[in-house]
Amino acid sequence: MLVLSRVVGELISIGDSISIRVVGINGNDVRFGIEAPRHINVHRNEIYERIQRKLARAKKSVE
């Protein structure tokens with residue numbers, strides 16, 4: 001795992017096409033802005049896990 005320190009306004013780059021910008025810090029809350037190509041889905045982890053469970057259930061019902 002890579003651990004970085006950033007201040008508001010600074011970027012983290014992932015590959016050539018994804019950037020994460022720290023847009024705000026309020027106590028323990030950090031806000032990020034994520035720029036990625038439209039074909040790359042970006043979700044909070046709890047939403048991503050919900051989507052994966054739904055896809056797994058759909059796959060089982062087809063089998």
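**Close-up views of a predicted model**

The structure holds 2 salt bridges; a salt bridge is a side-chain nitrogen of Lys or Arg within 4 Å of a carboxyl oxygen of Asp or Glu. This is a predicted model: local features need pLDDT of at least 70, side-chain atom pairs count only at pLDDT 80 or more, and totals for chains, interfaces and linings use all residues. Residues are numbered from 1 along each chain as its sequence is written, and side-chain values use heavy atoms, with hydrogens and water left out.

**View 1. The protein chain has 1 helix and 3 strands.** Helices (H or I, at least four residues) and strands (E, at least two) are DSSP runs, numbered from the N terminus. Along the sequence, the pattern is β-β-β-α. The radius of gyration of the protein chain is 16 Å, well over the 11 Å that the globule rule gives for 63 residues, so the chain is more spread out than a compact globule. That radius is taken over C-alpha atoms, and the globule rule is 2.2 Å times the number of residues to the power 0.38. The C-alpha trace spans about 50 × 30 × 20 Å along its principal axes. Buried residues make up 8% of the 63 residues. Buried means under 20% relative accessible area, exposed over 50%, and partly exposed in between (1.4 Å probe, protein chains only). Of the contacts between residues at least 6 apart in sequence, 0% join residues at least 24 apart; contact means heavy atoms within 4.5 Å.

**View 2. Three strands form an open sheet in the order β1-β2-β3.** The pairing is antiparallel. Two strands pair if DSSP finds at least two bridges between them. β1 (11-14) and β3 (29-35) are the edge strands, and each pairs on one side only. From one strand to the next, the twist averages 25°. Axes for such angles are lines fitted to C-alpha atoms, for helices over the stretch in contact, and angles run from 0 to 180 degrees between N-to-C directions.

**View 3. β1 and β2 run antiparallel, joined by 4 bridges.** L11 stands opposite R21 in β2. The hairpin of these strands has 3 residues between them. There, G15 takes a positive phi near 65°.

**View 4. β2 (residues 18-26) and β3 pair over 7 bridges.** This pairing is antiparallel too. R21 faces in two directions along the sheet: it stands opposite L11 and opposite G33 in β3. N26 stands opposite D29 in β3. The β2 and β3 hairpin has 2 residues between the strands, and G27 takes a positive phi near 65°.

**View 5. E10 forms a salt bridge with R6.** How far apart are the closest N and O atoms? They are 3.5 Å apart. E10 counts as partly exposed because its relative accessibility is 29%. R6 is also partly exposed, at 35%.

**View 6. R44 and E46 meet in a salt bridge through their side chains.** The N to O distance is 2.7 Å. Their side chains are also joined by a polar contact of 2.7 Å. A polar contact is a pair of N or O atoms within 3.5 Å; within protein, one must be able to donate a hydrogen and the other to accept it, and residues adjacent in sequence count only if both atoms are side-chain atoms. Where is R44 found? R44 lies in the loop between β3 and α1 (45-62). With a relative accessible area of 54%, R44 is exposed. E46 is partly exposed, at 41%.
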